[in-house]
Amino acid sequence: MNQSCELSNVAKEYVKTFQCILEEMIQGMIHAPLTDSISHNFIVQMIPHHRAAIEMCKNLLQYTTCIPLQNIAEGIIREQTKSIADMEDILSECGCLTNCRRDLCRFQQNMDCIMQTMFTEMKNARTTNDINDTFMREMIPHHMGAIRMCETALKFDICSELVPILNAIISSQKKGVAQMEELLNCGC
């Protein structure tokens, strides 16, 4: 947490909850039960990532009065809830598609690098009394991490049912990043 001023009690509550959500996400992603299937491994690491986004948005919605940001947060909750359900529906079937050891290692090395970058950027996001600004500076690297993870998975032999889910994540999260960057530039 890169704190640029003394935080109000409200901001402290927001940040405390965010930090708990972030830590739970980190633990869920790094301790996900991996197998010899890239499709399975992607899904079990992305589900805690999506759950964290949902919880981060719920945390924000307790405090924000910025209607465009409320709309973004509510959209994230809807989209990622659906994405989790879609991934859970295909997990068993997709887990049957196995990959060679070399591809598994390359995939996981890329994923680990992306996750560590995302975790660091989220932990180091600038924190102020402007909860809207703080949330966006935390969520943008979260979204960018998902985009990079999906793009990485698409380079490997994965379950065909997973491909449209990954493309939907990339599309929605690129749109979300653009919306949040616009709000950061013009203020909410």
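Start by selecting C57, which has 0% relative accessibility and therefore counts as buried (under 20% relative accessible area is buried, over 50% exposed, in between partly exposed, with a 1.4 Å probe and protein chains only). This is a predicted model, in which local features need pLDDT of at least 70 and side-chain atom pairs count only at pLDDT 80 or more, while totals for chains, interfaces and linings use all residues. Residues are numbered from 1 along each chain as its sequence is written, and side-chain values use heavy atoms, with hydrogens and water left out.

Next, select helix α2, residues 38-61 (helices are DSSP runs of H or I with at least four residues, strands runs of E with at least two, numbered from the N terminus). Of its 24 residues, 20 are buried, so α2 is mostly covered.

Now select C94 and C159. A disulfide joins them, with an S to S distance of 2.3 Å, and the count by this rule is one disulfide. The link is left-handed, with -65 degrees about the S-S bond. It connects distant parts of the chain, 65 residues apart: C94 is in helix α3 (residues 67-95), and C159 is in the loop between α5 and α6 (162-186). Both C94 and C159 are buried. For contrast, select C186, which is exposed at a relative accessible area of 57%.

Move to helices α4 (residues 101-123) and α5 (residues 131-153), whose axes come within 9 Å and cross at roughly 175 degrees (axes are lines fitted to C-alpha atoms over the stretch in contact, with angles from 0 to 180 degrees between N-to-C directions). The two helices are therefore roughly antiparallel (over 145 degrees; under 35 is roughly parallel, 65 to 115 roughly perpendicular, the rest oblique). Contact residues include F107, M111 and M118 of α4 and P141, H142 and R148 of α5 (contact means heavy atoms within 4.5 Å).

Finish at D133 in helix α5. D133 is buried, with a relative accessible area of 11%. Leaving out residues up to four places away in sequence, D133 touches R126, T128 and L184.

Definitions and conventions
Disulfide = S-S within 2.5 Å. Expected span 1.5 Å × (residues − 1).
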